[in-house]
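This briefing goes with the structure shown below. Please read the points by topic, with the model open beside the text.

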Amino acid sequence: MTPSTTNDVPREDSPRTSARLGALKHGVGRTSLTTGATSRSTRLHGGATHRVDGGPTTSGLTNARSRIVGNRDGVLADAIVGAVRVGRMVGSWMQSVAARVGSVVTGVGWGTAIAVVVAFVIATVAGWSEFLAVAYAGVIVLLVAVLYLVGRNAFTITLDLPHSRVVVGDNAVARITIANPTRHRVFGVKAEVPVGSALSEVALPGLAGGAVFDHEFTVPTARRGMLPVGPVRTVRADPIGLVRREVSWTGRHELFVHPRIIAIPSTSTGLIRDLEGNPTRDITSSDVSFHALREYTAGDERRFIHWKSTAKTGTYMVRQFEETRRSHLVIALSLADRDYASDDEFEMAVSVAGSLGVRAIRDVRNVSVVVGITTPEFAKRKLFGVRALSTLSPGRLLDDLALVEREASSLDLSEVARVTADQVAGLSVAFLICGSTPTAGELRAASTRYPPGVEVVAVVCDPEAVPGLRRVSGLSVLTIGYLEDLRKSLARAAKT
């Protein structure tokens, strides 16, 4: 027998043991033991609390009910929760009604309603019959205006845009078709069609059962860009303008107005001559244009060893090649506001970029068309970078060119040249397109941004100027007064 065992086991004749045995005999302490067992079960199962009778409680639960009544239960708590739920439903319904009313009542209508209420108050308080007459007249006007909103439109309306891409200045039309699928006659209605920032109003006539009516209207294409057309919406409104209900029937269509371009002969592109396969002055150990033989050095590939020369000289000799290149044409369009004296110069520059890019794409050339990025208004420092326009197809390129605009914070011509020289590899011909404001020195400085061997051509767009061609130490400067002068200037430059 160990002392620890003897001390841990209480003796039956001790006072504590006698009291516990007595309590068990008389049924006392059962609740305490059950509660203790429940507490131990709570800890073992993750802290979920239970009542003694097994019913769940909301202790530790966070939801709408617990936030409103906490852990309380009973009829009163259920009534409070029910009242809150009903109040929320009524509030949601009233909010929906207010949104519907607010969408049809105009500012004039709200002003008239407020005037009617004020007139009733003054007539009641001051007893002035004149204000009472004004109040009743206002009520009648409001009721008559509401009658214009009554009714449903039984017809269908569609919007069709035959061509999604047009050239600036060309005719573009959109067609609205209204059909009456019912057997009854429908009344005419006024329709509105947003076209860009403008709004076109069309009066659609009444139709007999099963009739169809087409209406065409002209879409303005005087300026390059992307015009959203639609959606077509019908308008119900009273003559005074107190109420107005709009119903949209169609989606929105996009019309791209492309810049005007001209066809450039394929023989004039490189400036516009093809440099693909032409050898350069760069020497490489692997290419197709043989240059010379030299002694073998560590790291040379054995497949380029010239065995006949090796046998004659007794020393390993390897072939050396002139590096050839595939022509890579880059067209850099400046968007800087300071590079142009007028909007006409900028529009001509966009047309030049489109003409050169479309010709290169159709000739399946490796071409990049880039524009300078714009520094955000509140930026801490100037951003240097270019944005490449899509050259997957002529249409995609002209879509991107339709969206470019002059920016005061865009990179100027010299900065665009520097970024393209750093980011575009393997350049052979670079076109720099700008207006009449850059000087000859600035054009020369921009051309020096490109590495040696790159042929740089600056196209200066100066409306109504005499076309000309001048060369300045590796730089060709083409001045054009009209877009058609580009074809002649390129042909002349290709001959020199």
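The model is predicted.

**Nonpolar surface patch**
- The patch is formed by Val86, Val90, Trp93, Met94, Val97, Val101 and Trp110.
- Together these residues have about 670 Å² of accessible area.
- Val97 is found in helix 5, and it counts as partly exposed because its relative accessibility is 32%.

**Largest nonpolar core**
- The largest nonpolar core has 37 residues, of which Leu333, Val352 and Ile433 touch the most other members.
- The elements that give two or more residues to this core include strand 14 (328-333), strand 15, strand 17 (429-434) and helix 13 (485-495).
- Helix 9 gives the most to this core, with 10 residues.
- In soluble globular proteins, nonpolar side chains tend to be buried together.

**Ser368**
- Ser368 sits in strand 15 (residues 366-372).
- With a relative accessibility of 17%, Ser368 falls under the 20% limit and therefore counts as buried.
- Apart from neighbours within four places in sequence, Ser368 is in contact with His328, Leu329, Val330, Ile331 and Val424.

**Salt bridges**
- The count of salt bridges comes to 19.
- Glu484 and Arg260 form a salt bridge, with their closest N and O atoms 3.0 Å apart.
- Glu484 lies in the loop between strand 20 and helix 13, and Arg260 in the loop between strand 10 (253-258) and strand 11 (279-284), so this pair ties together parts that are 224 residues apart in sequence.
- Glu484 is partly exposed, at 33% relative accessible area, and Arg260 is partly exposed at 38% relative accessibility.
- Glu246 and Arg244 meet through their side chains in a salt bridge of 2.8 Å, N to O.
- Glu246 is partly exposed, with a relative accessible area of 42%, and Arg244 is partly exposed at 24% relative accessibility.
- Glu246 and Arg244 also belong to a network of salt bridges that links them with Glu192 and Arg233.
- Arg303 pairs with Glu301 in a salt bridge whose closest N and O atoms are 2.5 Å apart.
- Arg303 is exposed, with a relative accessible area of 58%, whereas Glu301 is partly exposed at 40%.

Methods:
Residues numbered from 1 in each chain as written. Predicted model: local features only at pLDDT ≥ 70, side-chain atom pairs only at ≥ 80, totals over all residues. Heavy atoms only, no water. Helix = DSSP H or I, 4+ residues; strand = E, 2+ residues; numbered from the N terminus. Buried < 20%, exposed > 50% of the residue type's maximum accessible area, 1.4 Å probe, protein only. Contact = heavy atoms within 4.5 Å. Patch = residues over 30% accessible without salt bridge, like charges linked within 9 Å, V, L, I, M, F, W, Y side chains within 5 Å. Areas by Shrake-Rupley, 256 points an atom, 1.4 Å probe, with all protein chains shown as cover. Salt bridge = Lys/Arg side-chain N within 4 Å of Asp/Glu carboxyl O. Core = buried A, V, L, I, M, F, W, Y, C linked by side-chain atoms within 4.5 Å.
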